[in-house]
Amino acid sequence: MIRESTEMSTDVSATPEWHALAAHAKQIHDTHLRDLFAADPGRAERLTGQVVDLYVDYSKNRVTDETLSLLLALAERVGLRERIAAMFSGEHINTSEDRAVLHTALRVPRDFQLTVDGQDVVADVHEVLDRMAAFAERVRSGEWRGHTGKPIRTVVNIGIGGSDLGPVMAYEALKAYRDTDITCRFVSNIDPEDLYENTRDLDPETALFVVASKTFSTLETLTNAKEARRWLLDKLGADESAVAKHFVAVSTNEQRVREFGIDPANMFGFWDWVGGRYSYDSAVGLSLMLAVGPQRFREMLAGFHAVDEHFRTTPIERNVPALLGLLNVWYNDFLGAQTHAVLPYSQYLHRFPAYLQQLTMESLGKSVRADGTPVTYQTGEIFWGEPGTNGQHAFYQLLHQGTKLVPADFIGFSEPNHDIDAMHDLFMSNFFAQTAALAFGRTREEIEAEGVPADVVAHKVMPGNRPTTSILAPKLTPSTLGQLVALYEHITFTEGMIWGIDPFDQWGVELGKVMANQLAPLLTGEKPTDAAPDPSTRRLIERYRAERGR
Ligand code: F6P
């Protein structure tokens, strides 16, 4: 039975609220969005929400007022409001790692009060932000010089997962707000081609490496950082003293940073209560701050915080992230959707879907509940996407006429950062056209009325009833980017709480890491291939070795 307290829930699928949703799903399964709009044109006004600057229209979803009230009852049943309060107050809701989950504290204003586990979290956060800002100003103004006395021109962020995807997404998203000639590059993959391509034309005298790793133990990051240091010293013909001018670290682990050879004076810290995928608004965003400046970084944090406050204080029936999270549960668990498309109509957001993949899939890809019992229902949907309109000429065919149900989020902006001869209107007309076409399609009768040859009619019928949520913001700015990310963080949280899983751990990525370390000596020939874990892997490694002449 579900507990009414703030503790993690158990089997949500055993509740009457879940059963009511399952029955309701059968009833409305064949109801078309055309019928829902015809019967109730007011839904276009009613099924919308506003979260800070983001206008969210969820009327083109396959839901009725009854669906929404059943979903709200489910949220009530699992104690969503209490779970939200527990997160914001610093309870250890990451149960499998026994940690608080406080990425929301990274963006609170200076005068906020929050003490967690006896520590003044707000003071800690602002102390690091101030150090980051002071450092960023020194680099941006040219006061900070490289080993040979030249100012920094290129920042190379070395990190992976949350220590890469957030910074690179936000750097790309806010390129219009870069106000110096400092550019950023991002090295994440342990594939040597990544470091090679990013250092091939890099000027070592003007390069600054930001080594970002929460744990400072990640194989990819430490290997890339070690090789980058070697590259730098070789190129400069310098001794270790040059490292202090060209390497800074972002981590929670001062000891390991020191061991790596970076002076802790050049380290920017964060805390174990910030998950990697929730961290780019911490010191992990240093490369972004170097590019756009502390003021814009703070504007972005204010955008995050405004959405946090909405999520924390708004009743669930008007709480936009909670409602969108509930809609995701609806599709995933009751209408059988396996995936969820995220389609930003902004070229600047071209890395947003990749960023969201870690946020959502590392958080929600779980098959046991927080108490360790196996789930008996679907969790984490597969998030994917590409910016429009590029995607329209690639995979939208399947969205329109395929056999799969793919709920999709369309994200667009009324004002562009740069327009060229009214191109933006043309661009956004695609956004509106696609969401309308997906919802309402074109009927056989409409196609026939156009005089289409009889044998082609079936091919041209557009079934419609394809659900979308439209998220429209006035303009892509540091603030609206922060708002958007916070929105998805809290959507993810809501889904995790409904399913009763721990969305803040990621044990599933550990085994592959351990095995890669064990297999490396088999590839180099230091160990025989019969130490391979299975016959298939053994044969593959033997082939690899043969092709490398080993
Ligand atoms: O891949 C697992 C993971 O732990 C992610 O959660 C994390 O963002 C990434 O590795 C990088 O970790 P770190 O910042 O500690 O190097």
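A: Strands of a sheet pair through backbone hydrogen bonds, either parallel or antiparallel. In this structure an open sheet of six strands has the order S1-S2-S13-S12-S10-S11, and its pairing is mixed. The edge strands, each pairing on one side only, are S1 (48–51) and S11 (382–384). Neighbouring strands are turned by 20° against each other on average, with direction ignored. The model is a predicted one: local features need pLDDT of at least 70, side-chain atom pairs count only at pLDDT 80 or more, and totals for chains, interfaces and linings use all residues. Residues are numbered from 1 along each chain as its sequence is written.

Q: Which rules define the strands, the pairing and the angles?

A: Helices (H or I, at least four residues) and strands (E, at least two) are DSSP runs, numbered from the N terminus. Two strands pair if DSSP finds at least two bridges between them. Axes are lines fitted to C-alpha atoms, for helices over the stretch in contact, and angles run from 0 to 180 degrees between N-to-C directions.

Q: How many bridges join S10 to S11?

A: Strand S10 (residues 339–344) runs parallel to S11, and three bridges join the two. Within this pair, His340 stands opposite Phe383 of S11.

Q: Which strands does helix H14 lie across?

A: Helix H14 (residues 320–334) lies across S1, S2 (54–57), S10 and S13 (468–475), and runs at about 135° to S1. Helix H17 (residues 423–440) also packs on the sheet, where it touches S12 (408–415) and S13, and its direction makes about 150° with that of S12. Contact here requires C-beta atoms, placed from the backbone, within 7 Å.

Q: What is the order of the five strands in the open sheet with parallel pairing?

A: That sheet has the order S6-S5-S7-S8-S9. Its edge strands are S6 (183–187) and S9 (267–269), each of which pairs on one side only. The twist averages 20° from one strand to the next. Five bridges link S5 (residues 154–158) with S7 (residues 207–212) in the parallel sense, and Val155 has Leu208 of S7 as its bridge partner.

Q: Which backbone features deserve attention in the loops?

A: Most residues other than glycine have a negative phi, and most peptide bonds are trans. Phe216 is not a glycine, yet has a positive phi of about 55°; Phe216 lies in the loop between S7 and helix H9 (219–236). The peptide bond from Gly388 to Thr389 is cis, with omega near 5°, and Thr389 lies in the loop between S11 and helix H16 (396–401).

Technical notes:
Two residues are in contact if their C-beta atoms, placed from the backbone, lie within 7 Å.
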